[in-house]
Amino acid sequence: MANLTTALNGTDIKVMDASSNILVAYAQSGTLNVNMSTRDISNKESSGWTESMEGARNWDISVDGAYAWVDTTPAELTNSADDILKSYIGVSGTRSSVVIRFGTDGSSTGDTFYEGTAWLTAFSVSAPTEDTATYSLSFTGTGALSVTVA
């Protein structure tokens with residue numbers, strides 16, 4: 001039987017730029033999706049049922065957070081959603097991939113994180129009246145996703 005008293009607090013799961021170990025700016029939530037396609041192997045002996053085998057795998061990460069340009073001091077943010085947009089989609093420069101990490105920080109035994117190279121494929125900002133402006137980022141993985149347990 002599972003012991004739910006050891007369930008992770010979602011706050012401890014972070015989305016970070018792995019090369020700089022910096023949290024994606026003001027992230028409030030993050031989602032990791034890992035998928036596997038199947039390939040159809042149905043044939044005339046399948047009795048009218050679809051049969052399948054394993055196929056290609058893919059992964060993606062999405063992040064949502066509070067949209068901001070400065071921190072509380074107020075100093076300009078250096079890893080804001082805008083900086084990520086400029087760096088990885090290349091609105092004012094070249095496009096580049098990022099090594100992104102999803103999980104705990106790896107500082108405790110048993111901590112787990114997923115890491116891989118990804119492209120920033122979508123960026124959006126929502127600005128509702130009299131409410132917090134938010135951003136959404138979508139990263140699509142290229143190649144393998146590694147799993148590390150501290």
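Visitor: Which element gives the largest share of the lining of the largest pocket?
Guide: In this predicted model, that share comes from β3, with four residues.

Visitor: And which elements supply at least two residues each there?
Guide: Two are to be named: β1, spanning 14-17, and β3, spanning 27-40.

Visitor: Which residues line that pocket, then?
Guide: The lining of the largest pocket consists of Gly10, Thr11, Ile13, Lys14, Val15, Leu23, Ala27, Gln28, Ser29, Gly30 and Phe102.

Visitor: How do they divide by class?
Guide: Five residues of the pocket lining are nonpolar, five are polar and one is charged.

Visitor: How much space lies in the largest pocket?
Guide: The space in the largest pocket comes to about 180 Å³.

Visitor: What volume does the largest cavity have?
Guide: Its volume is about 50 Å³.

Visitor: What lines the largest cavity?
Guide: Its lining is made up of Met16, Asp17, Val24, Asn79, Ile84, Tyr88, Val98, Ile100 and Phe139.

Visitor: Which elements supply at least two residues each of the cavity lining?
Guide: These are β1, the helix α1 at 81-88 and the strand β5 at 98-103. The strand β1 also supplies at least two residues of the lining of the largest pocket.

Visitor: And the classes in the cavity lining?
Guide: Seven residues lining the largest cavity are nonpolar, while one is polar and one is charged.

Notes
Residues numbered from 1 in each chain as written. Predicted model: local features only at pLDDT ≥ 70, side-chain atom pairs only at ≥ 80, totals over all residues. Heavy atoms only, no water. 1 Å grid on protein atoms, 1.4 Å probe; cavity = no way out; pocket = protein on both sides within 12 Å on 5 of 7 lines; lining within 4 Å. Points joined across faces, edges and corners; volume = space filled by probe spheres on them. Nonpolar A, V, L, I, M, F, W, Y, C, P; charged D, E, K, R; others polar.
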